[in-house]
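User: I'd like to learn how to read a model like this one, feature by feature. Can you walk me through it?

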Amino acid sequence: MKVGIIGVGAVGSATAFALVMRGVADEVVLIDSNQKKAEAEALDISHATTFAYASKIYAGNYTDLKNAQVVIITAGANQKPGETRIDLMARNTTILQSIIKPLVQNAPDAIIVMASNPVDIMTDLALKLSGLPKNRVFGSGTILDTSRFKTLLGEHLGLSSKSIHAYVLGEHGDSEVLIWSNGDAGTLSVEDLAKDLHRPLTPEVKAQIDDNVRNAAYKIIEGKGATYYGIAGGLCRICQAISANENAILTVSSFHEDVEGVKNVCVSLPSVINQNGVECVIYPHLSAEEHELLKISAQKMKDYSEQE
Ligand code: NAD
């Protein structure tokens with residue numbers, strides 16, 4: 001599989017590294033407005049291929065995107081301590097506007113995966129600017145938040161996070177919704193399993209997990225300036241699902257005609273990912289409170305998208 005990455009900063013380079021080390025892409029082209037940085041990252045990562053897979057990785061320009069199956073966009077400003085993802089909107093809108101046209105000209109058949117923040121708004125904008133069908137333009141959305149949720153539930157229950165099915169939906173950001181009403185593992189609901197294991201999900205435990213999911217990025221940025229390994233894992237997982245035509249259920253942000261009565265909005269819902277991109281969306285069963293929270297989250301994204 002050939003993958004293009006536009007924006008080779010912390011997220012772009014970690015993603016390229018993940019793709020190469022896991023053998024998901026056999027050709028990776030790195031594009032950055034800082035050409036020297038793209039060249040240096042390509043060179044550095046190429047030296048790891050001896051220990052992984054025989055992938056070709058190089059710095060290029062837009063014409064090198066020809067025949068890419070996936071192009072990931074990670075270009076743009078990232079959050080500084082105290083900034084929200086929404087605070088990046090104006091800066092990253094301008095950057096995205098300069099990227100989409102040459103991308104689509106050179107890779108008209110590619111699936112575009114947005115990662116730059118605020119990712120739901122950027123996905124909506126990329127869809128509009130590209131004119132591509134909605135299945136082929138989507139964002140990493142809450143794939144990372146879902147992973148954080150599963151990791152924390154796994155730690156609490158003493159189980160592998162891979163054996164837990166639980167989701168974070170809505171905005172990738174402050175209004176995201178952790179779905180407590182229907183997570184499961186080993187045929188039991190997460191709530192029942194937690195009781196059986198004598199590790200109940202008390203209101204205090206839930207509040208702690210919620211805080212650690214919702215505010216993870218703020219905590220990581222406070223400590224080391226940026227988050228990149230988690231999202232790199234998520235972007236690599238998306239590419240793997242596309243490459244293997246997997247029909248994997250992942251929480252990614254795509255365009256929906258109606259989310260809880262909010263029309264034409266990009267947020268994350270459980271989505272089936274295969275070689276066509278988003279093949280279809282599975283509308284979740286939610287509690288009354290979760291319906292309301294998802295509506296609030298979708299409305300927030302809709303309001304910001306209208307300001308683009
Ligand atoms: P970074 O500053 O390390 O890298 C950004 C890169 O984009 C830089 O190398 C810069 O030269 C490049 N760039 C800027 N304008 C460009 C243009 N017009 N064309 C090509 N390249 C351009 O930032 P980062 O930490 O890698 O974060 C990148 C984006 O990813 C941010 O918006 C950040 O908020 C977002 N992010 C998203 C998630 C997620 O879950 N979706 C997680 C972490 C970070």
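This is a predicted model: local features need pLDDT of at least 70, side-chain atom pairs count only at pLDDT 80 or more; totals for chains, interfaces and linings use all residues.

User: Which residues touch the most other members of the largest nonpolar core?

Analyst: A nonpolar core is a set of buried nonpolar residues joined through side-chain atoms within 4.5 Å. Here the largest one has 40 residues, and Ile-112 is among those touching the most other members, together with Ile-6, Leu-65, Val-71, Ile-73, Leu-96 and Leu-103. The elements giving two or more residues to this core are strands β2 (27-31), β4 (70-73), β5 (111-114) and β12 (262-274), plus helices α3 (89-106), α4 (119-130) and α10 (288-305). Another core, of 37 residues, lies apart from it and includes Val-28, Ile-143, Val-252 and Ile-273.

User: What about Ile-45: buried or exposed?

Analyst: Buried means under 20% relative accessible area. Ile-45 has 5%, so it counts as buried. This residue sits in helix α2 (residues 35-46). Beyond four places in sequence, Ile-45 touches Ser-13, Ala-16, Phe-17, Val-20 and Ile-57. For a sense of the fold, look at Ala-18 too: Ile-45 and Ala-18 are 27 residues apart in sequence, yet their C-alpha atoms are 9.8 Å apart.

User: Now the ligand. Which residues come nearest to it?

Analyst: Look at the shell first, then at individual atom pairs. There are 24 residues around the ligand, and Val-11, Asp-32, Ala-77, Asn-78 and Ala-115 come nearest. By class, the shell has 10 nonpolar, 13 polar and one charged residues.

User: How much of the ligand's accessible area does the protein cover?

Analyst: On its own the ligand has 870 Å² of accessible area, and the protein covers 84% of that. The elements that give two or more residues to the shell are α1 (10-21) and α3. Of these, α3 gives the most, with three residues.

Key:
Residues are numbered from 1 along each chain as its sequence is written. Side-chain values use heavy atoms; hydrogens and water are left out. Buried means under 20% relative accessible area, exposed over 50%, partly exposed in between (1.4 Å probe, protein chains only). Helices (H or I, at least four residues) and strands (E, at least two) are DSSP runs, numbered from the N terminus. A residue is near a molecule or strand if one of its heavy atoms lies within 4 Å of it. Accessible areas come from the Shrake-Rupley method with a 1.4 Å probe; for residues, only the protein chains shown count as cover. Ala, Val, Leu, Ile, Met, Phe, Trp, Tyr, Cys and Pro count as nonpolar, Asp, Glu, Lys and Arg as charged, and the others, Gly among them, as polar. Contact means heavy atoms within 4.5 Å.
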